[in-house]
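Let us walk through this model together, from the whole chain down to single residues. Please keep the sequence and the 3D view open as you read.

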Amino acid sequence: MTSRDEILSKARAALSRNTGDPVPPPPAVLLREGPTEHLVEQFTAALEALAGNVVVVKTCEEAQVAVDKALNGRTFIRSTGTRDAIAQVEVGITSADYALADTGSLVMFTESNESRLLSLLPPCHIAVIERSKIVACLDDVFRLRPLPGARSSAMVVITGPSRTADIEMRLVRGVHGPGEIHVIIIDDVTRSP
Amino acid sequence: MKTPDVTAALGDKKLQLAIYSATARLGERRRETITSDHEELRQYAHDIKKHTLDHLDFYLEQLERNVEARGGKVIWAKDGAEACAFIQNLARKRGVKVIVKSKSMTTEEIHLNEHLEEVGIEAVETDLGEYILQLGGEKPFHIIAPALHKTKEDVSDIFEKHLHSKRETSPEGLTKIARVALREKFLEAGMGITGANFLVADSGAIVLVENEGNARLSSSAPKIHVAVSGIEKVIPRAQDLGVFLKLLARSATGQPLSVYTSFLAGAKREGEPDGPEEFYLVLLDNGRTRLLADESKRQSLYCIRCGACLNHCPVYRKIGGYNYPWVYSGPIGKILTPQFMGIEHDPWLPFASSLCGACGEVCPVKIEIPRILLELRSDKVANDPDRAELWSFKVWAWVMRHPKFYARLAPLALSAAPPVGPVKKWLSQRDLPVPPAKSFRDLWKERSK
């Protein structure tokens with residue numbers, strides 16, 4: 001008997017079940033609706049409370065100016081690059097698939113050709129998103145994408161800068177991931193950034 | 001019953017302050033973040049866990065199918081030895097010399113690091129707290145805050161000794177030293193090992209919840225990602241995470257959401273820029289199917305390892321994490337250890353509780369820890385009755401049924417209880433109340449006159 005069969009048969013014996021016994025449906029899903037007004041304001045307040053920076057601009061040109069200002073002359077990679085290249089730069093610039101108003105989070109799916117490491121290895125992360133990407137809360141993402149793994153190997157939810165409190169419960173930012181995070185929200189998109 | 005000697009922990013003022021302030025802070029933050037619908041969320045989480053564990057075979061098979069449909073591989077391990085052997089062999093076959101690990105109580109449970117060291121593989125803990133403890137040769141003190149008993153000076157000593165760094169006693173500076181040292185390991189490692197906070201059956205995915213980014217790095221930077229998880233971590237649907245992620249972040253650290261939540265479904269797919277090339281999920285039994293068979297205690301397996309019961313436990317908050325016999329400490333450890341190891345292993349454990357009920361009240365998945373503690377006490381008595389105790393209760397019951405005897409014996413017993421034998425032992429941990437000058441019976445007599 002393989003370990004697989006042994007574990008499964010032990011589980012069935014423990015539960016007095018037989019192979020192929022029917023399973024009733026699980027309890028109905030509980031997903032909340034968040035407030036849908038003032039999403040930009042909510043998002044800004046939530047991320048700033050975590051020491052993130054938010055800039056709201058009108059056009060793509062203004063977004064470019066905001067990115068340059070946040071970059072402040074530092075080296076960067078935009079969208080994607082090799083692991084070793086990403087490990088060398090100071091800033092990673094990405095987009096995001098969703099942003100969550102109530103927690104100030106960014107949600108990124110790997111199917112959008114965004115690298116997993118670009119928002120992780122450099123000490124600073126800049127995300128440029130359109131206003132329309134902001135939803136009320138994480139539950140909205142699970143409603144819109146009931147199977148997040150269907151087309152992506154990874155969905156990552158990023159809520160503020162990387163942090164730790166492992167030494168004397170003192171908050172320190174930027175332990176393994178970026179300690180600095182900027183989100184630039186484009187209010188009126190005339191063309192993609 | 002041999003109980004651990006906790007006098008050292010109780011007498012250590014620095015340690016007492018560290019435990020007290022850390023757990024108080026975590027508790028406060030939890031209270032600040034829980035919402036008015038908290039009870040409804042807890043009940044939902046409890047119901048989902050109950051449903052999944054009551055049909056565990058079904059959900060494990062569904063999980064396996066979906067992991068393999070996404071190109072991942074599922075390895076079933078009856079015990080720690082099988083899990084460790086699989087990882088050792090895989091590492092050897094792929095020529096892996098360095099492994100980065102993110103915090104996982106399950107790998108602590110099976111002593112994975114020791115097994116990897118034996119075959120000459122360097123396994124580096126990358127959670128800051130775990131890294132400090134690994135360098136210092138210690139074990140996690142708390143499920144969520146593993147190094148809460150270490151001061152910044154202690155950490156500096158450890159870094160100076162093992163990393164040859166300069167004296168640095170600011171948490172910021174110490175964190176930077178660790179970041180630089182560990183970054184090298186992340187880029188050098190041939191394999192990353194993580195645990196899993198949840199296994200999602202309908203998606204064939206694992207979920208990792210963290211604040212530092214080391215779990216993201218461990219699961220994304222090396223070519224091979226191995227996740228090790230107990231079979232009880234499975235939940236039916238990705239949509240159930242809406243509730244579980246809120247409960248976990250609020251109960252563990254008092255955050256609305258943890259900094260990073262990774263939902264990982266297999267290895268890197270075609271067209272994706274990065275991610276591991278191979279993904280393995282090790283499903284560990286190691287006694288869990290035995291716990292499953294006990295219907296009234298089955299809910300011990302609902303635990304999502306948030307640590308809230310530790311932070312609210314008057315016993316944990318005095319004796320700390322090192323006076324429990326197994327990796328799981330605090331109230332949850334008190335109910336898991338006797339069930340995994342057998343009640344005869346540490347029969348005193350379920351008795352080391354005031355039964356105040358705080359653990360059950362804060363548990364985000366509503367495990368009735370106090371009730372299970374009582375059941376384990378009764379298991380202990382059934383398994384190994386204490387004659388002296390049985391007789392004393394018999395005598396006590398007889399005296400209580402005979403008021404005349406009681407009236408004469410009670411004042412005598414209180415004033416002159418001889419501190420010898422079992423009484424002495426009993427009194428070594430407890431104070432008897434000072435008998436009042438006049439007993440209730442005396443007062444009653446005076447009133448009735």
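In chain B, 74% of the contacts between residues at least 6 apart in sequence join residues at least 24 apart; two residues are in contact if their C-beta atoms, placed from the backbone, lie within 7 Å. Before going further, note that this is a predicted model, where local features need pLDDT of at least 70 and side-chain atom pairs count only at pLDDT 80 or more, while totals for chains, interfaces and linings use all residues. Residues are numbered from 1 along each chain as its sequence is written, and chains are lettered from A and ligands numbered from 1 in the order in which they are written.

Chain B holds 22 helices and 10 strands; helices (H or I, at least four residues) and strands (E, at least two) are DSSP runs, numbered from the N terminus. Its C-alpha trace spans about 95 × 55 × 45 Å along the principal axes. Of the 449 residues in chain B, 49% are buried. A residue counts as buried if 20 or more other C-beta atoms lie within 10 Å of its own, as exposed if 12 or fewer do, and as partly exposed in between, with C-beta atoms placed from the backbone. The domain assignment divides chain B into domain 1 (34-286), domain 2 (289-383) and domain 3 (403-448); such bounds come from an automatic or database domain assignment. Between the C-alpha centres of domain 1 and domain 3 of chain B there are 55 Å.

Let us begin with helix H3 (residues 38-54) of chain B. Its 17 residues reach 24 Å from the first C-alpha to the last, close to the 24 Å expected at 1.5 Å a residue, where the expected span is 1.5 Å times one less than the number of residues. Which residues of H3(B) are buried? They are Leu41(B), Tyr44(B), Ala45(B), Ile48(B), Lys49(B), Thr52(B) and Leu53(B). These residues lie on the same side of H3(B) because they cover an arc of only 155 degrees around the axis, the arc being that of the directions from the helix axis to the C-beta atoms. On the other side of H3(B), Glu39(B) and Glu40(B) are exposed. The cover over the buried residues of H3(B) includes helix H4 (56-69), strand E8 (234-235), helix H12 (241-253) and helix H13 (288-292) of chain B.

Now turn to helix H9 (residues 152-163) of chain B. Its 12 residues should span 16 Å at 1.5 Å a residue, which agrees with the 15 Å between its end C-alpha atoms. Buried here are Val155(B), Ser156(B), Ile158(B) and Phe159(B). Their arc around the axis is only 165 degrees, so they sit on the same side of H9(B). The other side of H9(B) has Glu153(B) and Lys161(B) exposed. The buried residues of H9(B) pack against helix H8 (128-136) and H10 of chain B. Just after H9(B) comes His164(B), with a positive phi of about 55 degrees.

From helices we move to strands. In strand E6 (residues 205-210) of chain B, six of the six residues are buried. Ala205(B), Val207(B) and Val209(B) are buried on one side, and Ile206(B), Leu208(B) and Glu210(B) on the other, leaving both faces covered. Strand E5 (residues 198-200) of chain B runs antiparallel to E6(B), joined by three bridges; strands pair if DSSP finds at least two bridges between them. Phe198(B) has Val207(B) as its bridge partner in E6(B). The hairpin of E5(B) and E6(B) has four residues between the strands, and Gly204(B) takes a positive phi near 60 degrees there. E6(B) is also joined to E9(B), antiparallel, by five bridges, with Tyr260(B) as the partner of Glu210(B).

E9(B) leads us to the other chain. Strand E8 (residues 154-158) of chain A pairs with strand E9 (residues 260-264) of chain B in the antiparallel sense over five bridges, and Ala154(A) stands opposite Leu264(B). How many residues does each chain bring to the contact? Chain B contributes 76 residues and chain A 55 residues. Helix H10 (residues 171-188) of chain B gives the most to the side of chain B that touches chain A, with seven residues.
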